[in-house]
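Here is a friendly walk through one protein chain, written for someone who likes to know the cut-offs behind the words. Have a look at the model first, then read on.

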Amino acid sequence: MHVLRAPRLSALDLADANIVETCVATIASLTSRVAIVINNGAMWLEAWSGSYALDEVLAVINAAISGTFLLFQGLHPLMENSEEPDVLTIGSISGLPNAALQSVSVPFYAAKRGQVALAEGWLQAFRGSRFRSLQVNPPYLDEVLPGQQDWDEVETRGKDARATSRDVVEAGLVALTRPRHISLTIEPDADDGGLFP
């Protein structure tokens with residue numbers, strides 16, 4: 001007889017260092033080993049001509065940079081107990097050099113650049129260890145959901161079509177399933193999403 005267990009979940013606000021610390025402690029109380037950390041947390045902050053509130057600016061930067069780093073740092077001891085520890089960062093074209101600002105705010109643009117820099121820093125720091133740093137830097141996306149028609153139709157899209165959330169999931173799976181000697185970064189075509197101004 002197979003017994004289903006309830007999923008083990010812990011709420012997390014990456015913009016709040018105290019909540020990150022509490023989340024890490026909760027995870028450590030549930031398991032002694034973490035194999036994969038997927039950094040996909042970032043707060044959206046759209047460009048506009050007015051001033052941004054202080055809490056908005058701090059939240060977008062702290063979620064993408066400080067919170068992302070502190071979460072990994074806290075989980076690192078648990079990842080040491082894994083034979084194949086991976087850190088997968090879902091960045092953005094906004095985090096790549098020479099990316100067009102387009103509709104994103106400067107704080108979001110800077111935060112995503114910082115998040116990509118974390119992944120690149122880990123790539124260097126992990127050399128010679130079991131750890132891998134992997135990246136997916138998607139362009140602007142169409143949101144599609146599993147079980148819906150638009151999810152199933154993604155495979156039929158042409159080269160000029162926008163990327164989708166399914167593409168991000170599949171790119172992440174490709175990166176995670178490469179042989180251990182491969183640390184992979186997946187980025188969009190240079191012509192996709194206005195990558196260069």
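## Ground rules

Helices are DSSP runs of H or I with at least four residues, strands are runs of E with at least two, and both are numbered from the N terminus. This is a predicted model, in which local features need pLDDT of at least 70, side-chain atom pairs count only at pLDDT 80 or more, and totals for chains, interfaces and linings use all residues. Residues are numbered from 1 along each chain as its sequence is written, and side-chain values use heavy atoms, with hydrogens and water left out.

## A loop residue

With those runs in mind, Pro146 is found in the loop between β4 (141-142) and α4 (149-152). Is Pro146 buried or exposed? Pro146 counts as exposed because its relative accessibility is 60%; the class boundaries are under 20% relative accessible area for buried, over 50% for exposed and partly exposed in between, with a 1.4 Å probe and protein chains only. Pro146 and Ser133 are 13 residues apart along the chain, and 27 Å separates their C-alpha atoms.

## The sheet

An open sheet is built from four strands in the order β1-β2-β3-β6, with parallel pairing; two strands pair if DSSP finds at least two bridges between them. At the edges are β1 and β6 (185-186), each of which pairs on one side only.

Strand β1 (residues 36-39) has Val37 and Asn39 on its covered face, while Ile36 and Ile38 are on the uncovered one. Four bridges link β1 in the parallel sense to strand β2 (residues 86-90). Across this pairing, Val37 stands opposite Val87 and Ile38 stands opposite Leu88. To get from β1 to β2, the chain passes through helix α2 (residues 54-79) in a right-handed β-α-β crossover. Right-handed here means that, with the strands pointing away from the viewer, the path from the first strand over the helix to the second runs clockwise.

How many of the five residues of β2 are buried? Five of the five are, with Asp86, Leu88 and Ile90 on one side and Val87 and Thr89 on the other. Five bridges join β2 to β3 in parallel, and here Asp86 stands opposite Arg132 while Leu88 faces Leu134. Together, β2, α3 and β3 form a right-handed β-α-β unit.

Gln135 belongs to strand β3 (residues 132-136) and counts as buried because its relative accessibility is 4%. Its side chain makes a polar contact with that of Asn137 at 3.1 Å; such a contact is a pair of N or O atoms within 3.5 Å, where within protein one must be able to donate a hydrogen and the other to accept it, and residues adjacent in sequence count only if both atoms are side-chain atoms. Leaving aside residues up to four places away in sequence, Gln135 touches several others, including Leu88, Thr89, Val116 and Ile186, where contact means heavy atoms within 4.5 Å.
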